[in-house]
Amino acid sequence: MTDDEDDFRIETRAIHAGQEPDPETGALMTPIYANSTYAQDAPGEHRGYEYSRTGNPTRTDLEENLASLEGGEYGRCFSSGMGAINTVLNLLESGDHVVAGDDVYGGTHRIFTRVYEKYDVAFDFVDTTDHDAVREAMREETALVWVETPTNPLMNVNDIAALADVAHEGGALCAVDNTFATPYLQRPLEFGADVVCHSLTKYLGGHSDVVGGALITDDAELDERFGFYQNSVGATPGPFDCFLVLRGTKTLPVRMDRHCDNARELARWLDDHPAVDRVYYPGLESHPQHDLAAAQMDDFGGMLSFELDGTLEQASEVVETTEVFALAESLGGVESLIEQPAAMTHAAIPREERRAAGLTDGLIRVSVGVEHVEDLKADLERALDAATN
Ligand SMILES: Cc1ncc(COP(=O)(O)O)c(C=O)c1O
């Protein structure tokens, strides 16, 4: 795509941004450049690539594609979402302090507390929907405010513009994990975030066949530092992984439309179901941050959680009984998944902390796929019936 690519809508950029036909052969799709090293014309004189940890053409195309989708200048890819999160943490010095949401992804909580606390980085986990609580948690040494929205798995929606302001007032960076929303639904840089983080493993890859991560920013200096850590730490994705994610991003808009439609319908249906006590989905008008979600997002996403009007055992039986919904961790693929966060994705967070954040042991999280919604309803109906009657 040309320099005017910003004139194109996201559906067009998803397919074309960073995707020039191969100059040698005209191949329309970015080839999988399966190379570790590149011939040099003279010592130190190369044609843009010298070693694939430092840079690889398939990775470059993916990085350009993702930067364009987020409306950012720079993109960097990593071998997992955690690799991307680690790179943001690499910016910190010992003695620094981080304020994060109290219901962040379990792996994010784990790297914060079990990896970085031992390097004398301090973390405070607060309710990031309460901006006064965030402001009060800020200290002189606060270098980073970490925001997830919608959150995993309670689907709280955080006000990115307000939290970026609080971070900047305190001289800290604001990083937003945009994995749940994807750039098709929400672009945090537009609201003042400094860094956008992704697990590419989820909606951007979209087919549950690859693990990857990315960071996008408008700040050249930050991007250069991310590039330094990318090369120095080495958590970079291989070209085949980048190819798979590039294949995924092309259909992101059409997939997301169906994910959102199916999730909206399932959320309403579950909300009316006698066996269900509570549904967590920002698209429901009863959701506490529904208006914020409607303003900040273009649609409400494909993730929802719910609690049964029943026992923990009954909740476990539901997730074990569904047939179309696979009992599995992860999310964002075309197929529907179901899980119990307290025993699976969020087991790394101590039980007391989980409960304080409102994450009950019986909470069921669903990644709504793109199957026919009536088949999804029928599958859940069968499982709810078997577990509660
Ligand atoms: C919101 C969120 N961020 C980050 C990650 C970590 O990504 P990865 O599994 O690709 O390392 C996950 C994984 O589930 C996630 O849900």
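**The ligand and its pocket**

Tutor: In the lining of the second largest pocket, α3, α4 (residues 106–116) and β6 (residues 195–199) each supply at least two residues. This is a predicted model. The contribution of α4 is the greatest, at 4 residues. In total, 30 residues line the second largest pocket, and those nearest its centre are Met-82, Tyr-105, Asn-152, Ser-199 and Lys-202. By class, the lining of this pocket has 11 nonpolar, 13 polar and 6 charged residues. The space in the second largest pocket comes to about 450 Å³, while the largest pocket has a volume of about 920 Å³.

The ligand sits in the second largest pocket. Around the ligand there are 13 residues, and Gly-81, Met-82, Asp-177, Ser-199 and Thr-201 come nearest. Helix α3 (residues 81–89) provides the largest share of this shell, 3 residues. The shell around the ligand divides into 4 nonpolar, 7 polar and 2 charged residues.

For Ser-199, a polar side-chain atom lies 2.8 Å from an oxygen atom of the ligand. For Lys-202, an N or O atom of the side chain is 2.9 Å from an oxygen atom of the ligand. For Asn-152, the distance from a polar side-chain atom to a ligand oxygen atom is 3.1 Å. On its own the ligand has 390 Å² of accessible area, and the protein covers 92% of that.

Definitions and conventions:
Residues are numbered from 1 along each chain as its sequence is written. This is a predicted model: local features need pLDDT of at least 70, side-chain atom pairs count only at pLDDT 80 or more; totals for chains, interfaces and linings use all residues. Side-chain values use heavy atoms; hydrogens and water are left out. A residue is near a molecule or strand if one of its heavy atoms lies within 4 Å of it. A polar contact is a pair of N or O atoms within 3.5 Å; within protein, one must be able to donate a hydrogen and the other to accept it, and residues adjacent in sequence count only if both atoms are side-chain atoms. Accessible areas come from the Shrake-Rupley method with a 1.4 Å probe; for residues, only the protein chains shown count as cover. On a 1 Å grid over the protein atoms alone, a cavity is a set of points where a 1.4 Å probe fits but cannot get out, and a pocket is an open set with protein on both sides within 12 Å along at least five of seven lines; lining residues have an atom within 4 Å of a point. A molecule sits in a cavity or pocket if more than half of its atoms lie within 2 Å of its grid points. Ala, Val, Leu, Ile, Met, Phe, Trp, Tyr, Cys and Pro count as nonpolar, Asp, Glu, Lys and Arg as charged, and the others, Gly among them, as polar. Grid points are joined across faces, edges and corners, and a volume is the space filled by probe spheres set on the points.
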